[in-house]
Amino acid sequence: MSIPKISLNSGHSIPQLGFGVFLVPADEAEKAVTEALEVGYRHIDTAAIYQNEEGVGAAIAKSGIPREELFITTKLWNDHQAEELPHEAIRTSLDKLGLEYVDLYLTHWPTPERQTFVNAWTKLIEIRDAGLSRSIGVSNHLPEHLDALVAATGEVPAINQIELHPAYQQRNVLEWAAANGTRVESWGPLGQGKYPLFENPAVAAAAEAHGVTPAQAVIRWHLQKGIIVFPKSTRKERMAENFDVFGFTLTDAEIAAIDGIDPLDGSGRVGTHPLEFN
Ligand code: NAD
């Protein structure tokens, strides 16, 4: 299975479909990532705060897959944004992952009360320039945060990873990205199982029409919108199901119907709002 790649403003490219490991316990991460690599995933999304980078690294090392065939993302946690702490944080993450570089390093949250996210971005630029991350970006940043980064440095994040699924589409953040050449990654792409997406009539109808599962229909919706997506499951059969999304295409009408799920008042959000996370 050949996964489409998306070009980034760094000159590198990212597999559009990957595997996320949020809430995968440290002692299960090696097995989960090993199975994901067996299924065919080559893009893994972890973070320092997930406390499973060692397990991810162990699976990578044992897989024997050439480093250049993998795309590994990790993230800078909020308490390491200030001063020179990001440099310490990336070294720690690389040690745990057993890697010389990551493909993508993200500031995890803007944490506006700390007022350190712009400093963090200046350090990520240094980290990229030192060769420790091929591309750099951010997560959970709103247009006001993104504007502040660009104003301070002139550097546009390659990626903004945000909560995004049919019930919470963050159109203003997508518009900023499209206007500035940032690519968007969806976290919680299936609504984290907290929003009843799979029972929604628009999702169910699209799934039935194509003989696929509701999860596959939702993943396909992300892909056809040009968004990068990495659903999480620790069950190998679901990893395979979530990977098997290239044999059908949603119609424009099906996409429009799924677009209509968003209540547009923000009530479809299942995670924390970026302005409230410090
Ligand atoms: P998700 O939307 O991928 O939901 C995961 C849950 O969906 C699983 O626990 C499982 O119960 C269910 N599921 C998965 N596949 C299924 C299937 N085929 N059928 C039925 N149910 C299925 O949520 P997520 O894990 O939070 O998001 C994906 C990734 O995004 C994470 O693993 C992590 O890498 C990243 N993430 C980033 C942030 C951030 O702040 N940057 C926050 C949360 C998650």
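**Entry 1: the largest pocket**

I began with the lining of the largest pocket, to which strand S9 (183–187) and helix H9 each supply at least two residues; helices (H or I, at least four residues) and strands (E, at least two) are DSSP runs, numbered from the N terminus. I note here that this is a predicted model, in which local features need pLDDT of at least 70 and side-chain atom pairs count only at pLDDT 80 or more, while totals for chains, interfaces and linings use all residues. Residues are numbered from 1 along each chain as its sequence is written, and side-chain values use heavy atoms, with hydrogens and water left out.

I wrote down what a pocket is: on a 1 Å grid over the protein atoms alone, a cavity is a set of points where a 1.4 Å probe fits but cannot get out, whereas a pocket is an open set with protein on both sides within 12 Å along at least five of seven lines, and lining residues have an atom within 4 Å of a point. Grid points are joined across faces, edges and corners, and a volume is the space filled by probe spheres set on the points.

The largest pocket holds about 820 Å³ of space. Its lining has 33 residues, and the closest to its centre are Phe 22, Gly 188, Pro 189, Gln 192 and Lys 232. H9 gives the most to this lining, with three residues. I sorted the lining of the largest pocket into 15 nonpolar, 13 polar and five charged residues, where Ala, Val, Leu, Ile, Met, Phe, Trp, Tyr, Cys and Pro count as nonpolar, Asp, Glu, Lys and Arg as charged, and the others, Gly among them, as polar.

I then looked up the second largest pocket, which has about 290 Å³ of space. Of the 19 residues that line it, Lys 5, Pro 15, Glu 68, Glu 69 and Leu 70 lie nearest its centre. By class, the lining of the second largest pocket has seven nonpolar, five polar and seven charged residues.

A search of the whole structure for cavities of 30 Å³ or more gave me one. The largest cavity has a volume of about 30 Å³, and its lining is made by Asn 140, Ile 162, Glu 163, Tyr 168, Gln 170, Trp 187, Arg 269, Thr 272 and Pro 274.

I stayed with Asn 140, which lies in the loop between S7 and H5 and has a positive phi of about 60° although it is not a glycine. Asn 140 counts as buried because its relative accessibility is 4%; buried means under 20% relative accessible area, exposed over 50%, and partly exposed in between (1.4 Å probe, protein chains only).

I checked the length of helix H1 (residues 26–39): at 1.5 Å a residue its 14 residues should span 20 Å, and its end C-alpha atoms are 20 Å apart, which agrees. The expected span of a helix is 1.5 Å times one less than its number of residues.

In H1, I found Ala 29, Ala 32, Val 33, Glu 35, Ala 36 and Leu 37 buried. They are covered by elements including strand S3 (19–20), strand S4 (43–45), helix H2 (53–63) and helix H9 (236–243). Just after H1, Gly 40 takes a positive phi of about 130°.

Leu 23 lies in the loop between S3 and H1, and its phi is near 70°, a positive value in a residue other than glycine. Leu 23 counts as exposed because its relative accessibility is 62%.

Buried in H4 are Phe 117, Ala 120, Trp 121, Lys 123, Leu 124, Ile 125 and Ile 127. H4 is followed by Gly 131, whose phi is positive, near 85°.

Gln 115 lies in the loop between S6 and H4, and with a relative accessible area of 69% Gln 115 is exposed. I also noted that Gln 115 and Gln 81 are 34 residues apart in sequence and 9.2 Å apart in space, C-alpha to C-alpha.

Conventions
Contact = heavy atoms within 4.5 Å.
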